[in-house]
Amino acid sequence: MTGLDTNSINVRMAKSLDSFKKDLSGLRVGRASSSMLDPINVNAYGSVLPLSQVGTVSVPEARMLTVSIWDNSLISFAEKAIRESALGLNPMIEGNMIRIAVPPLSEDRRIEIVKVASKYAENAKISIRNIRRELIEDIRKLQKNGDISEDQKHGDELKIQDIIDLNIKHIDEILSVKEKEILEN
């Protein structure tokens, strides 16, 4: 009989939660933050690279970001990636540097950012549900092959669902805190 490895399930769930938290950290809530640009990817050298791998992001002022691009041939690609991101920023190129003024958030923009945060939450939930689907399929194969009993299959499916429910609840809690932070600042 094979037992359900809840540790490996929790590790996979933690990766989805960490990715969600990282996405949320990139959403701006009033002040400029270098992590705001973390979700931005640049088409460079025939592949897609995170902005942090083509330049250095810094925060010289409370409402200003600068990105020093290491390779001058990538400046326009980086500027385009920032402009087309869901962050609503307007980058300006100055030599090998991109300056980004971070405007104060309007009420409409706050609502848009909450929608982006909700989208990130839904993506995290989808990721977790996909893990559940894979695990349930594996358990059903084990039961079909006679490796585990019907009762154990049912018990394992319930354990998996409990873990899933807990992680989805955690995502909702994190989202709720972030929504309040966005709307109050």
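Because the model is predicted, local features need pLDDT of at least 70 and side-chain atom pairs count only at pLDDT 80 or more, while totals for chains, interfaces and linings use all residues. Residues are numbered from 1 along each chain as its sequence is written, and side-chain values use heavy atoms, with hydrogens and water left out.

**Overall shape**

Let us start with the fold. Four helices and six strands make up the chain's list of elements; these are DSSP runs numbered from the N terminus, with helices being H or I of at least four residues and strands E of at least two. Their order along the sequence is α-β-β-β-β-α-β-β-α-α. The radius of gyration, taken over C-alpha atoms, is 21 Å, well over the 16 Å that the globule rule gives for 185 residues, so the chain is more spread out than a compact globule. That rule is 2.2 Å times the number of residues to the power 0.38. Along its principal axes, the C-alpha trace spans about 65 × 40 × 20 Å.

**Burial and a loop residue**

Of the 185 residues, 38% are buried. Here buried means under 20% relative accessible area, exposed means over 50%, and partly exposed lies in between (1.4 Å probe, protein chains only). Tyr45 sits in the loop between strand 1 (41–44) and strand 2 (47–50). Its phi is near 55°, a positive value in a residue other than glycine. Tyr45 is exposed, at 58% relative accessible area.

**Salt bridges**

The structure contains 12 salt bridges, each a side-chain nitrogen of Lys or Arg within 4 Å of a carboxyl oxygen of Asp or Glu. Three of them are shown here.

| Pair | N to O distance |
|---|---|
| Arg12 and Glu134 | 2.4 Å |
| Arg99 and Glu94 | 2.8 Å |
| Glu157 and Arg140 | 3.0 Å |

Arg12 is partly exposed at 31%, and Glu134 is partly exposed at 33%.

The pair Glu157 and Arg140 links helix 4 (residues 150–184) with helix 3, so parts 17 residues apart in sequence are tied together. Glu157 is buried, with a relative accessible area of 14%, whereas Arg140 is partly exposed at 47%. Through salt bridges that share partners, Arg140, Glu150, Lys153 and Glu157 join into one network.
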